[in-house]
Amino acid sequence: MNINQVSYQMDFMKASDWEQVKKIYLDGIKTGLATFQDAAPEWDEWDQSHVKACRIVARSEDSILGWAALSPTSSRCCYKGIGEVSIYISNVCKGQGVGTALLKHLIRESEDNGFWTLQSAITRENKTSLALHAKCGFREIGFREKIAQMPDGTWHDVILVERRSHVVGI
């Protein structure tokens, strides 16, 4: 793909990508809007908590421009086809279509791996992420008021969004 002279391809995330993935994640943490986490885990912890088949990076030569992955929402087998979306874009690539390409690719990968529903909880103030998810077919299903308090004392509401597959679980 080529967006604004940034040429990249979608690829599966490898353990060797972790340091760049982690840096992008840390940049997201610093915004105070992308996640309620206050630190990035080490690779082994992250690896154990994310679906192995649904980890995507946007790669430009040796650089990771962004990443997307799924986490299981429950250990109960009846919910095996529901995944929680994480998506983060490098600060230098925001607004260039990398997020849209990543999320669309993650949707295809999720369906290829039997997921019928993708969901995300996005802070109300994170308008960019809400718009990205809406653009990729997610719909608002509700919100949770003042669900998490940040280390600085700020409370955030989250908007709950989901996308139901048109090919899996119909």
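1. In this predicted model, the crossing of helices H3 and H4 is right-handed.

2. On the H3 side, the contact is made by Gly 99, Thr 100 and Leu 103. H4 contributes Leu 132, His 133 and Lys 135. By class, the residues of this contact comprise three polar, two nonpolar and one charged.

3. Seven strands form an open sheet with mixed pairing, in the order E3-E4-E5-E6-E7-E9-E8. Strand E3 (9–12) and strand E8 (139–149) are the edges, each pairing on one side only. From one strand to the next, the twist averages 25°.

4. Edge strand E8 pairs with strand E9 (residues 155–164) in the antiparallel sense, over seven bridges. Within this part of the model, Glu 140 stands opposite Val 161 of E9.

5. Which strands does H3 touch as it packs on the sheet? The strands are E3, E4 (55–60), E5 (63–72), E6 (82–89), E7 (117–123) and E9. The direction of H3 makes about 155° with that of E6.

6. H4 also packs on the sheet, where it touches E6, E7 and E9. Its direction makes about 160° with that of E7.

How values were computed
Residues are numbered from 1 along each chain as its sequence is written. This is a predicted model: local features need pLDDT of at least 70, side-chain atom pairs count only at pLDDT 80 or more; totals for chains, interfaces and linings use all residues. Side-chain values use heavy atoms; hydrogens and water are left out. A crossing is left-handed if the near helix is turned anticlockwise from the far one by less than a right angle, and right-handed if clockwise. Helices (H or I, at least four residues) and strands (E, at least two) are DSSP runs, numbered from the N terminus. Contact means heavy atoms within 4.5 Å. Ala, Val, Leu, Ile, Met, Phe, Trp, Tyr, Cys and Pro count as nonpolar, Asp, Glu, Lys and Arg as charged, and the others, Gly among them, as polar. Two strands pair if DSSP finds at least two bridges between them. Axes are lines fitted to C-alpha atoms, for helices over the stretch in contact, and angles run from 0 to 180 degrees between N-to-C directions.
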